[in-house]
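Please keep the sequence and the coordinates at hand while reading.

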Amino acid sequence: MDSSDSLSSGARIMKAYAAGWLMQRITGAGLVLFLALHLWVQHMPNGFLATADEYNRIVAEFADRGPVYEEALASGHLREALDGEHVITYSKVAARLQNPWWKAINIMLLLFGVAHGLNGVHNVLRDYVHRGRLRLIVMGIASLGAVWVSVVGIRSLLAVGSGL
């Protein structure tokens with residue numbers, strides 16, 4: 001092996017490290033963007049949250065269903081909303097997810113989070129697991145987990161509001 005072969009091998013490794021570094025920055029920036037959108041929609045009183053009156057009607061319906069709900073109210077696990085308070089409810093989330101743009105934003109948040117996490121696992125394994133076979137096995141298991149979380153998450157998001 002001459003020095004040009006080892007140099008090209010070293011250059012390939014550095015390109016792989018650079019690609020991982022760049023991917024971590026891109027997915028991190030995407031996470032900031034999609035998380036900001038998620039927090040704005042999910043936690044700001046902008047029409048996507050139930051009003052105190054809407055929520056209190058829901059709580060009253062549950063309280064009429066039996067002693068478990070009465071106990072939840074009495075213990076404080078379930079409470080009525082205060083005047084002016086806005087609350088996240090399933091019906092409001094389902095209504096929002098009828099819009100394909102909000103589904104896409106939530107799917108992108110999921111995919112960017114999974115990619116960012118998987119790349120982080122790869123970086124940790126590269127730094128701390130020096131046995132190549134073990135690193136490959138752990139990365140394979142992590143990759144399968146990432147695919148599983150992505151598929152289940154996307155299917156769940158697509159199912160909300162579609163009648164599935």
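This is a predicted model: local features need pLDDT of at least 70, side-chain atom pairs count only at pLDDT 80 or more; totals for chains, interfaces and linings use all residues.

**Nonpolar cores**

The largest nonpolar core is made up of twelve residues, namely Phe-34, Val-41, Val-93, Ala-94, Leu-97, Trp-102, Ile-105, Ile-107, Leu-109, Phe-112, Leu-157 and Val-160. Two or more of these residues come from each of helix 1 (3-43), helix 4 (90-96) and helix 5, and helix 5 is the element that gives the most, with five residues. Apart from this core there is a second, separate one of seven residues, among them Tyr-55, Ala-72, Leu-78 and Ala-81. As a general background, nonpolar side chains in soluble globular proteins tend to be buried together.

Phe-112, one of the twelve members of the largest core, touches Ile-26, Thr-27, Gly-30, Leu-31 and Phe-34 when residues up to four places away in sequence are not counted.

**Helix 6**

Helix 6 covers residues 132-159, a run of 28 residues, and its first and last C-alpha atoms lie 40 Å apart, which is close to the 40 Å expected at 1.5 Å a residue. Within helix 6, the residues Met-139, Ala-146, Ser-150, Gly-153 and Leu-157 are buried, and the buried residues of this helix pack against helix 5 (100-128). Leu-157 also belongs to the largest nonpolar core. Val-147 lies in helix 6 as well, but Val-147 counts as exposed because its relative accessibility is 51%, and the cut-off for exposed is over 50%. The C-alpha atom of Val-147 is separated by 38 Å from that of Val-68, a residue 79 places away along the chain.

**Surface patch and salt bridge**

A nonpolar surface patch of about 410 Å² is formed by Trp-21, Leu-22, Met-23 and Ile-26. Ile-26, which is found in helix 1, is partly exposed at a relative accessible area of 46%, and Ile-26 is also among the residues that Phe-112 touches.

The structure holds one salt bridge. It joins Glu-54 to Lys-92, with the closest N and O atoms 3.8 Å apart, and it links distant parts of the chain, since Glu-54 sits in helix 2 (residues 52-63) and Lys-92 in helix 4, 38 residues apart. Glu-54 is partly exposed at 27% relative accessibility, and Lys-92 is likewise partly exposed, with a relative accessible area of 22%. In general, side chains of opposite charge can pair when their charged atoms come close.

Leaving aside residues up to four places away in sequence, Asn-56 touches Glu-80 and Ala-81, and Ala-81 is included in the second core.

His-43 is found in helix 1 and counts as partly exposed at 46% relative accessibility. Beyond its neighbours within four places in sequence, His-43 is in contact with Leu-49 and Ile-88, while the C-alpha atoms of His-43 and Val-87, 44 residues apart along the chain, are separated by 8.2 Å.

The accessibility of the individual residues discussed above is collected here.

| Residue | Relative accessible area | Class |
|---|---|---|
| Ile-26 | 46% | partly exposed |
| His-43 | 46% | partly exposed |
| Glu-54 | 27% | partly exposed |
| Lys-92 | 22% | partly exposed |
| Val-147 | 51% | exposed |

Definitions and conventions
Residues are numbered from 1 along each chain as its sequence is written. Side-chain values use heavy atoms; hydrogens and water are left out. Helices (H or I, at least four residues) and strands (E, at least two) are DSSP runs, numbered from the N terminus. The expected span of a helix is 1.5 Å times one less than its number of residues. Buried means under 20% relative accessible area, exposed over 50%, partly exposed in between (1.4 Å probe, protein chains only). Contact means heavy atoms within 4.5 Å. A nonpolar core is a set of buried Ala, Val, Leu, Ile, Met, Phe, Trp, Tyr and Cys residues joined through side-chain atoms within 4.5 Å. Patches are made of residues with over 30% relative accessible area and no salt bridge: like charges are joined within 9 Å, nonpolar side chains (Val, Leu, Ile, Met, Phe, Trp, Tyr) within 5 Å. Accessible areas come from the Shrake-Rupley method with a 1.4 Å probe; for residues, only the protein chains shown count as cover. A salt bridge is a side-chain nitrogen of Lys or Arg within 4 Å of a carboxyl oxygen of Asp or Glu.
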